[in-house]
Every structure is written in C-alpha cells, then in structure tokens.
Amino acid sequence: MNNTKISGQLFKFAGPLLVGLLIWFSPVPDGVDPNAWHLLAIFVATIVGIIVQPMPMGAVAFIAIVLTALTGVLTIQQSLSGFGNPVIWLIVCAFMISRGFVKTGLGARIAYWLMTKLGKHSLGLSYGFVATDLLLAPAIPSNTARAGGIILPILRSTALVYDSAPETGTQRKLGSFLIFTSFQVQNITCAMFMTAMAANPLIVQMAGDLGVQLTWAGWALAAIVPGLVSLLVIPLVVYKFNPPEIKHTPAAAELGRTKLAEMGKVKQSEWILLGVFFLLLTLWIFGRQLGIHSATAALTGLVVLLINGVLTWEDVLKEKGAWNTLVWFAALVMMASFLGKLGLIGWFSDWVQGGVTGIGWVQAFLVLSLVYFYSHYFFASNTAHITSM
C-alpha cells in the first residue's frame with residue numbers, strides 16, 4: 001500500500017517534470033543565455049506544479065529553489081536571494097498582523113457594529129458585509145482569512161436566524177444573496193490594495209523589474225474610484241438577478257447588538273491593534289515622503305503588537321500562511337528576477353512585440369485583457385495565473 005502511495009505521488013510530478021525536461025533539452029534560441037533557458041525550464045515546471053499541485057505550493061517552490069542551485073543554473077547565494085526581498089517581508093508581516101484581527105475579535109466587532117447600522121434590510125445587510133471586507137482588506141492579505149475566518153461565520157449565523165440554509169433547501173430566503181454578494185466583493189477588494197492579497201506584491205516586484213515602480217499609496221489611489229463604484233454596484237446587481245425572499249431583516253440588526261453586548265467593551269488589545277492599523281495606513285500612504293519603506297512599516301507594526309502582547313511569538317510561529325507565502329514568494333520572485341537579469345525577459349518581449357506590430361495599442365490592450373481574464377479558468381491559483389501570464 002505504501003508503494004502504491006509513493007508511485008501515485010511520483011506520478012503527480014510527471015506533468016511538471018515532462019514540461020521542464022522538454023524545455024531544458026530543446027534547442028536554445030539564438031541570443032539566449034543557456035542558463036536563462038534552463039532557468040525557464042525550472043520556472044515553467046514550477047508553475048505547472050503549482051497548477052496541478054502534486055504537493056502544496058510551498059513545497060513545489062522549495063523544490064524549485066533546490067533545483068536552481070543543484071543544476072548549477074544559479075549559485076546557492078542567488079537561489080536564496082529571494083528571501084531577502086523586502087516586498088516579501090511586507091506581505092509576511094501583514095499576514096501575521098491580520099492574525100490579531102481574529103485573535104482580539106476586532107474583525108468580528110467591526111462586522112457586528114456595521115450590522116447594527118445597516119442590517120435592517122437585506123440589501124443594507126449586504127452592504128454591511130461589503131464595508132467589513134473593505135475595511136479589513138488593507139491589513140489582511142488573504143481573502144480566505146477575511147471571507148472564511150471573519151465574514152462567513154457571521155454571515156452564516158445571520159442566515160440561520162431566518163432559517164436560510166442549503167441543507168434545508170431554503171438558501172434563497174437570504175443566504176444565497178449574501179454569499180453571492182460577498183464572493184463577488186472579495187474579487188474587488190483583493191484588487192484595491194497592495195496588501196489585500198498575497199499575490200499583489202508579486203505584481204509590484206515584477207513591475208519593478210521592468211522599471212515600473214508601484215507604491216502602496218499609488219496602487220490604492222488608482223484603484224479607489226473603480227473599486228468603490230464596483231462595491232456600490234455589485235450588491236444591486238446581485239439583488240436584481242438573485243433577490244432574497246426576505247427583504248426586511250430587523251433580526252440581523254438585533255443579532256449584531258446581541259453579539260456586541262456579549263463581547264463587552266472594546267478591550268485594550270483591540271485599541272492597540274486599531275492604533276497599529278492606522279499607523280500602518282499612514283506609513284504606507286506617506287512612506288515615500290517620510291523615507292520609510294512599506295516593509296519597514298509592516299515590520300514596525302508587528303514589533304509593536306509583540307511588545308504590547310497583542311500577539312505572542314507563538315502566534316507568529318503558528319501563522320502558517322505567512323511562512324508558506326515566504327517560501328513560494330521567494331522562489332517565484334527569485335526566478336522571475338534572474339530571468340530578467342539573464343536577458344530572457346528582454347528576448348521574449350522583443351519576440352512578442354514582433355507579433356503585435358501594426359496593431360493599435362487600444363486593440364492590443366483589449367485582446368490582452370480578454371486573454372488574461374478568461375485564461376483564469378485554467379488556474380486554481382491567483383499566484384500561478386499572475387506569474388505565468
């Protein structure tokens with residue numbers, strides 16, 4: 001039985017291994033460094049591995065780091081250089097800080113408070129969850145943590161108050177509308193802030209390698225108008241095409257008040273976390289003028305939470321999402337960076353440019369946008385999609 005399991009595990013690596021070997025042993029194009037071509041083979045095999053998932057993404061990325069050094073494509077110092085990237089530590093620290101919103105209950109308190117203000121009508125209730133997601137997005141770089149850890153339990157409890165559950169076939173009463181709205185909203189809030197999704201700093205790093213510098217404030221400023229418009233429109237669209245049977249929800253507002261009463265007064269740890277949150281926003285927005293890197297700000301925020309006991313070192317060690325992100329992020333950034341330094345990105349850009357010569361930039365932009373949008377159906381991971389495309 002153990003042999004069968006081992007054989008099955010090895011079989012899962014067949015796809016990534018085959019793709020990597022095909023590129024590795026194919027003729028190296030003229031003008032391309034052989035090491036760059038071999039690094040491309042490892043890089044593409046890694047992306048395929050992230051898509052088919054023979055192992056967790058962090059493990060696949062770790063194997064890639066070892067292969068770059070073992071094959072001599074890069075030195076061991078170069079292979080491990082990704083771990084020193086400040087953008088990676090920005091998102092790692094944001095993950096750890098986000099743990100405080102769950103541990104202290106501040107995230108739930110915000111959601112319940114908004115329910116008391118907006119929860120008397122099903123549409124207003126959905127906007128309460130929208131506002132919760134929007135407020136938490138800058139500090140929680142995981143849609144899974146926001147949606148699954150904070151919003152979903154509260155949303156489900158609210159739906160059950162009105163006897164709305166898929167198990168009993170009553171999801172259309174209220175739950176279906178709230179779930180569909182929250183799902184669509186997650187896609188918007190993830191795109192509104194650099195720290196709202198783990199893959200966003202990967203975009204920042206890749207853009208920087210191409211000479212385009214993106215800041216936290218610049219990203220937020222560019223996204224604020226389309227983001228807010230989308231957040232205002234989405235609940236209305238879902239309300240139109242998937243309307244809840246129950247329109248008035250005074251019990252939801254009452255649930256919010258009950259839960260807040262159970263939680264009691266705002267604890268000192270919540271006030272400290274709230275203060276750190278606003279400190280981080282200030283440093284991220286005005287960091288360039290103050291000469292403070294966004295990663296320095298995130299590290300500072302984490303240290304303040306540790307010193308005040310809001311988070312313990314055990315909390316930091318238990319934040320598996322952060323450490324997992326550190327490994328796969330370091331691997332992908334390292335390989336993407338050296339593909340550029342070894343000249344492959346420039347060669348590929350020239351090749352692509354030759355293929356779109358004569359097409360207007362508007363048409364080219366629309367084609368690329370549509371290809372990028374619909375190609376997401378082939379990817380189970382935003383990170384794999386961003387990296388490969």
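1. Secondary structure. The chain has 20 helices and 0 strands; helices (H or I, at least four residues) and strands (E, at least two) are DSSP runs, numbered from the N terminus. This is a predicted model, in which local features need pLDDT of at least 70 and side-chain atom pairs count only at pLDDT 80 or more, while totals for chains, interfaces and linings use all residues. Residues are numbered from 1 along each chain as its sequence is written, and side-chain values use heavy atoms, with hydrogens and water left out.

2. Overall dimensions. Along the principal axes, the C-alpha atoms fill a box of roughly 70 × 60 × 50 Å.

3. Of the 389 residues, 45% count as buried (under 20% relative accessible area; exposed is over 50%, partly exposed in between; 1.4 Å probe, protein chains only). Contact means heavy atoms within 4.5 Å. Among contacts between residues at least 6 apart in sequence, 76% join residues at least 24 apart.

4. Surface. The accessible surface of the chain is about 19800 Å², and 70% of this belongs to carbon and sulfur atoms. Areas come from the Shrake-Rupley method with a 1.4 Å probe; for residues, only the protein chains shown count as cover.

5. Helix α7. This helix covers residues 106-118, 13 residues in total, and reaches 18 Å from its first C-alpha to its last, close to the 18 Å expected at 1.5 Å a residue. The expected span is 1.5 Å times one less than the number of residues. Buried residues of α7 include Arg-109, Tyr-112 and Met-115. The packing partners of its buried residues are α6 (86-103), α8 (122-136), α9 (143-161), α13 (250-263) and α14 (268-290).

6. Ser-126. This residue lies in helix α8. Ser-126 counts as buried because its relative accessibility is 2%. Apart from neighbours within four places in sequence, Ser-126 is in contact with Phe-177, Leu-178, Thr-181 and Pro-235.

7. Gly-343. The loop between α17 (320-341) and α18 (344-355) holds Gly-343. With a relative accessible area of 36%, Gly-343 is partly exposed. Gly-343 and Ala-36 are 307 residues apart in sequence, yet 7.2 Å apart in space, C-alpha to C-alpha.
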